[in-house]
Amino acid sequence: MTTTEKGQLVTANRLRDGIAVFLTRGGDWSEVIDEAVLALEPQAAAALEARARDDEKKTIVTGAYLVDAERLEGRVRAAHIRERMRALGPTVRLDLGKQSEGKGAGFAAPEGE
Amino acid sequence: MYRYDEFDHQFVRERTIQFRNQTERRLSGALTEDEFRPLRLMNGLYLQLHAYMLRVAIPYGTLSGRQMRQLAYIAEKWDKGYGHFTTRQNIQYNWVKLEDAPDILDALAEVEMHAIQTSGNCIRNVTTDHWAGAAADEIADPRPVGELLRQWSSLHPEFSFLPRKFKIAVTGAPHDRAAVKVHDIGLRLHKNDAGEIGWEVIVGGGLGRTPMVGVTVRDFLPQHELIGYLEAIMRVYNLYGRRDNKYKARIKILVHEIGADKFKSEVEAEYARRPHPTTEVEERELARIAAYFAPPVFEKLPRWSASFEEAKLANPGFARWAKNNLGPHRVDGYAIVNISLKPEGGIPGDATGDQMRVMAELAERFGNDELRVSHAQNIVLPHVKRDDLLTVYQALDKADLAAANYGLAGDIIACPGLDYCALATARSIPVAQAISRKFADSQKQDEIGKLKINISGCINACGHHHVGHIGILGLDKKGEEFYQITLGGSSAESASIGTILGPGFAGHEVADAIETILDTYLKHREAGEEFLATYRRLGPKPFKEALYATA
């Protein structure tokens with residue numbers, strides 16, 4: 001039986017190159033959304049956000065924010081299309097961005113078409 | 001073309017050094033993001049969905065071959081091999097690293113370019129008619145005034161922190177290809193019965209969430225009064241423009257709220273008490289600038305080129321391209337070449353480094369070393385001999401730059417949309433691609449004729465959807481993209497804002513909806529009638545009926 005975890009993850013842009021990154025359980029920033037840690041309750045989400053603010057001060061990332069997401073069989077799917085796009089790269093240039101570097105998410109940006 | 005003098009060089013160089021220092025301080029943590037953001041934006045550096053984006057100014061859309069080659073070099077060295085030409089005649093790079101941005105600005109400065117005033121609440125890059133200096137219908141080349149405005153507005157201390165951004169467009173031709181009526185200030189040249197030229201000054205046009213057509217505040221302003229008069233407009237705006245609400249801060253809202261008459265009288269009162277009534281300096285500077293824009297030495301050629309006519313007979317692909325993509329030049333034996341950056345199913349406005357170099361070389365060999373960027377995201381070679389057109393076409397064709405759809409259904413304006421842009425609410429490019437594929441049949445496009453389809457991925461309207469004959473606006477409806485269709489917009493001299501036709505569509509339904517609209521047009525049009533004229537004659541009713549009949 002598969003379980004779906006719903007919660008929030010923290011995403012930001014890496015300061016030096018602007019690449020979209022996701023906060024991991026270990027406190028690092030990964031380019032791969034599947035490696036993001038998912039906060040299942042508000043307190044945990046606040047803790048993640050606080051950690052991200054620290055990393056902003058340390059000039060590792062910029063513009064961190066919480067995003068609704070769920071984990072299905074180890075893959076993470078952001079709720080909003082915008083975030084699925086950030087986890088992949090432009091849908092009109094599949095040869096570019098994370099999707100072309102083997103770092104793309106497991107869920108297509110546009111769905112239901 | 002204008003060439004930098006020592007002052008221009010020093011100005012850009014100092015700015016680049018300053019930005020390198022600011023970037024270093026940001027990377028070291030000495031500056032917070034809140035402190036740095038306005039500084040990077042003043043240098044055209046945005047943070048988008050996937051990376052930083054650098055928007056480079058192309059003043060009045062004019063480039064030399066050398067500059068275009070440098071844009072290609074930047075695309076390959078610091079980006080992913082391509083750039084995106086925008087609806088403001090600029091170029092954007094989508095994958096820039098913050099740590100590389102100062103080097104890119106250095107590379108731009110080498111070829112007399114920069115990214116100043118491509119963001120922020122200042123007077124942005126001035127745009128003009130992309131056929132300037134070449135068009136058969138032109139009264140005078142508007143670019144000397146464009147350059148004068150660039151010099152006047154660059155880092156102007158009084159106008160660097162306006163209530164909101166400010167866009168000026170200039171046209172020297174009666175047929176408006178620069179959309180002057182939908183800019184904060186639009187300038188349109190007229191000639192009176194005595195043969196003198198003067199500027200019609202239009203204020204308060206704009207798109208975005210509150211689209212408006214501008215109002216004329218002066219019918220015929222003598223050229224030497226231009227700077228003084230624009231200063232008066234800017235002062236009135238700077239004083240009365242709203243700063244409490246970002247969405248009501250553009251000059252169009254001010255003009256609308258106090259009324260055109262009141263606004264005009266405020267401007268005239270300000271102009272009457274201007275501190276420097278003499279215009280000697282401006283006149284001298286304009287004369288200096290104008291010398292750089294002296295027309296090229298054109299050969300004396302017959303209007304009719306035998307080799308061109310023969311080539312068209314022998315090569316139907318060339319004939320079709322020539323029919324659609326050439327503009328009437330003011331000199332016999334020459335043509336304006338419009339290079340469509342809209343191949344079938346392509347991304348509107350994107351060009352690779354290789355393509356940029358092909359266009360640069362063609363400009364150098366056959367086009368007086370001049371290129372233009374159009375607000376419709378195409379590239380123009382303004383001065384090409386008719387005898388050279390076949391060679392130019394063949395080189396373009398080899399580089400996938402010979403789409404023969406200039407001004408037709410496939411020549412779609414589209415902003416980057418949600419594929420790149422942090423502000424977007426929906427994607428624009430895939431919709432443009434679907435429509436482009438739907439009308440891939442060149443005969444069908446020719447049958448439909450002149451058409452402007454404009455697509456924006458959010459209410460900010462970078463894709464100029466309000467003034468598309470057919471406008472498409474992408475919105476977010478509970479996390480899903482959906483698209484509103486408007487009809488009847490125009491940015492030409494008879495400017496109008498499009499009307500929303502009815503309920504929106506899902507992304508995959510849009511291309512079919514456009515086909516239904518165009519089939520309805522073909523059914524109802526009178527002989528020789530373009531889409532916009534048919535819409536204006538009939539109104540939305542038949543289109544609505546066709547589109548929502550089954551709903």
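This is a predicted model: local features need pLDDT of at least 70, side-chain atom pairs count only at pLDDT 80 or more; totals for chains, interfaces and linings use all residues.
Colleague: Between which strand and which helix of chain B does the loop with Asp100(B) lie?
Modeller: Residues are numbered from 1 along each chain as its sequence is written, and chains are lettered from A and ligands numbered from 1 in the order in which they are written. Helices (H or I, at least four residues) and strands (E, at least two) are DSSP runs, numbered from the N terminus. The loop with Asp100(B) lies between strand S5 (91–96) and helix H4 (101–110) of chain B.

Colleague: Is Asp100(B) buried or exposed?
Modeller: A residue is buried if 20 or more other C-beta atoms, placed from the backbone, lie within 10 Å of its own, exposed if 12 or fewer, and partly exposed in between. Asp100(B) has 21 other C-beta atoms within 10 Å, so Asp100(B) counts as buried.

Colleague: How many Å separate the C-alpha atoms of Asp100(B) and Glu270(B)?
Modeller: Along the chain, Asp100(B) and Glu270(B) are 170 residues apart.

Colleague: Why does Lys246(B) count as exposed?
Modeller: Lys246(B) sits in the loop between helix H6 (226–240) and helix H7 (251–258) of chain B. The C-alpha atom of Lys246(B) lies 31 Å from that of His130(B), a residue 116 places away in sequence. Lys246(B) counts as exposed because its C-beta neighbours inside 10 Å number 11.

Colleague: How many of the residues of strand S15 of chain B are buried?
Modeller: Strand S15 (residues 379–385) of chain B is largely enclosed by the rest of the structure. The number of its residues that are buried is 7 of the 7.

Colleague: Which residue in S15(B) is the bridge partner of Asn338(B)?
Modeller: Two strands pair if DSSP finds at least two bridges between them. S12(B) and S15(B) are antiparallel, with 5 bridges, and strand S14 (residues 371–373) of chain B pairs with S15(B) in the antiparallel sense over 2 bridges. Arg372(B) has Val380(B) as its bridge partner in S15(B). For Asn338(B), the partner is Val380(B).

Colleague: Which residue in the turn between S14(B) and S15(B) has a positive phi?
Modeller: S14(B) and S15(B) form a hairpin with 5 residues between them. The positive phi, about 65°, belongs to Gln377(B).

Colleague: What are the edge strands of the open sheet of 5 strands in chain B?
Modeller: The strand order is S6-S7-S8-S9-S10 (chain B), with mixed pairing. Within it, strand S7 (residues 168–171) and strand S8 (residues 185–191) of chain B are parallel over 4 bridges, and Ile168(B) stands opposite Ile185(B). Pairing on one side only marks the edge strands, S6 (127–128) and S10 (215–222) of chain B.

Colleague: At about what angle to S4(A) does helix H1 of chain A run?
Modeller: An open sheet of chain A has the order S3-S2-S1-S4-S5, with antiparallel pairing. Helix H1 (residues 42–57) of chain A lies across S1, S2 and strand S4 (61–72) of chain A. Axes are lines fitted to C-alpha atoms, for helices over the stretch in contact, and angles run from 0 to 180 degrees between N-to-C directions. The angle between H1(A) and S4(A) is about 150°.

Colleague: Which helix gives the largest share of the side of chain B that touches chain A?
Modeller: The contact takes 23 residues from chain A and 24 residues from chain B. The chain B side divides into 11 nonpolar, 6 polar and 7 charged residues. Its largest share, 3 residues, comes from residues 429–438 of chain B, helix H14.

Note on methods: Two residues are in contact if their C-beta atoms, placed from the backbone, lie within 7 Å. Ala, Val, Leu, Ile, Met, Phe, Trp, Tyr, Cys and Pro count as nonpolar, Asp, Glu, Lys and Arg as charged, and the others, Gly among them, as polar.
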